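Take a walk through this protein, one piece at a time.

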Amino acid sequence: MTVQDIRAFNRFYTNVIGALDYSRHLYAPFTLTESRVLYELAHSPRTDAADLRTELSLDAGYLSRILNRFEQDGLVERAPSERDPRRRQVTLTERGRETAALLAERADESVGALLATVPEADRPRLSEALHTVRTILSEDPEDVRRSRPEDVVLREPGPGDLGWIVQRNAALYAAEYDFNADYEGLVARIVADFAEDHDPHLERVWIAELDGRAVGCVMCVRDDAPGTARLRLLLVEPDARGLRIGDQLVATVVEFARGVGYRDLVLWTNDILGAARRIYQRHGFVLVAEKPHRSFGQDLVGQDWRLDLHGTGE
């Protein structure tokens, strides 16, 4: 790896994303830097001018000129900070929020068009490569994880995603709870049953995606009891925890199950999965039974949880 290798990549990538002519690329009168300032104002809880300058590594005078222009155009308002009157708090106006949303929509469309040219089979490799570059070149590895809940996208599974569910469940439960291969076999059967025979109107799988890579999943399938759905295989990658992805996945299952007419939503888990149980409780699930058992190479206490989709959950 040489300096010239990185410079060549920079030239290539700036052409790919249209960084040299960003306003024309997105059909908007903003440079790449101005668009990034609008994005931070729309998403970051830290909206002091000093915080923006530090976050974006911008010269104070340059940022001030950008904010002056935004204020003249009615996109932002500035006032003394509630935390420190010596600092200036910057907030988007209604027009500013609409502008930021429009830019985000056009950026999504632009990147979506680029991604559409990448074969499905190559996308996991591309995602992993991008994540590797960010991790290696970040001054602070934790900086890569400064994502926000709104950066998470829930989508339907694509080619390879069902296999990913099996692999990640097996790997994570082995690492965190010392489960043996019996658990991988159970997950593989659940996923295979869904892949081979499911009703797309009544049964769904969701993949949580962050920065182009899968970081979580959940499944909603029909239960044997009439009018009952079952939540299965809730999982969130360790480095994506703290973004309320589990809550988002469970809420999506509850909304889907209620919307298609199920009366009850049930699930089975084990008492050692404390974080997952707290998520279920927050969404109104009630513990209805528990029983000790020996499974996956461990002594466990299995638990059955239930949510009344048309009542109080009690």
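Helix α8 has 17 residues and reaches 23 Å from its first C-alpha to its last, close to the 24 Å expected at 1.5 Å a residue. That expected span is 1.5 Å times one less than the number of residues in the helix. Helices here are DSSP runs of H or I with at least four residues, strands are runs of E with at least two, and both are numbered from the N terminus. The model is a predicted one: local features need pLDDT of at least 70, side-chain atom pairs count only at pLDDT 80 or more, and totals for chains, interfaces and linings use all residues. Residues are numbered from 1 along each chain as its sequence is written, and side-chain values use heavy atoms, with hydrogens and water left out.

The buried residues of α8 are D161, W164, I165, V166, R168, N169, A170, L172 and Y173. Buried means under 20% relative accessible area, exposed means over 50%, and partly exposed lies in between (1.4 Å probe, protein chains only). The buried set of α8 packs against β3 (153-155), α9, β4, β5 and β6. Contact here means heavy atoms within 4.5 Å. Just after α8, D178 takes a positive phi of about 60°.

Next comes α9, residues 181-196. This helix has 16 residues and reaches 22 Å from first C-alpha to last, close to the 22 Å expected at 1.5 Å a residue. N180 caps its N-terminal end: a side-chain oxygen of N180 lies 2.9 Å from the backbone nitrogen of D182. A polar contact is a pair of N or O atoms within 3.5 Å; within protein, one must be able to donate a hydrogen and the other to accept it, and residues adjacent in sequence count only if both atoms are side-chain atoms.

Which residues of α9 are buried? They are Y183, V187, I190, V191 and F194. Seen down the axis of α9, these buried residues fall within an arc of 90°, so they line one face of the helix. The arc is that of the directions from the helix axis to the C-beta atoms. An α-helix has 3.6 residues a turn, so residues three or four places apart point the same way. The face of α9 turned away from the buried side carries the exposed residues A181, R189, D193 and E196. The buried residues of α9 pack against α8 (161-177), β4 (204-210), β5 (213-222) and β6 (228-236).

F194 shows this packing in detail. It lies in α9 and is buried, with a relative accessible area of 7%. Leaving aside neighbours within four places in sequence, F194 is in contact with E203, R204, V205, M219 and V221. The C-alpha atoms of F194 and I207, 13 residues apart along the chain, are separated by 15 Å.

Now step back to the whole protein. There are eleven helices and nine strands. The C-alpha atoms fill a box of roughly 65 × 50 × 35 Å, taken along the principal axes. Of the 314 residues, 37% count as buried. Among contacts with a separation of 6 or more, 59% come from residues 24 or more positions apart.

The largest nonpolar core has 52 residues, of which L231, I245, L265 and F285 touch the most other members. A nonpolar core is a set of buried Ala, Val, Leu, Ile, Met, Phe, Trp, Tyr and Cys residues joined through side-chain atoms within 4.5 Å. Beyond its neighbours within four places in sequence, I245 is in contact with V152, A208, V215, V236 and A240. A second, separate core of 19 residues includes L38, L63, L67 and L103.

Turn to a polar pair. Q303 sits in strand β9 (residues 298-308), and E290 sits in strand β8 (residues 286-295). Their side chains make a polar contact of 3.0 Å. Q303 is buried, at 5% relative accessible area, whereas E290 is partly exposed at 49%.

Last, the cysteines. A disulfide is a pair of cysteine sulfur atoms within 2.5 Å. By this rule the count is zero. C217 is in no disulfide; the nearest cysteine sulfur, that of C220, is 14 Å away. C217 is buried at 1% relative accessibility, and C220 is buried at 0%.
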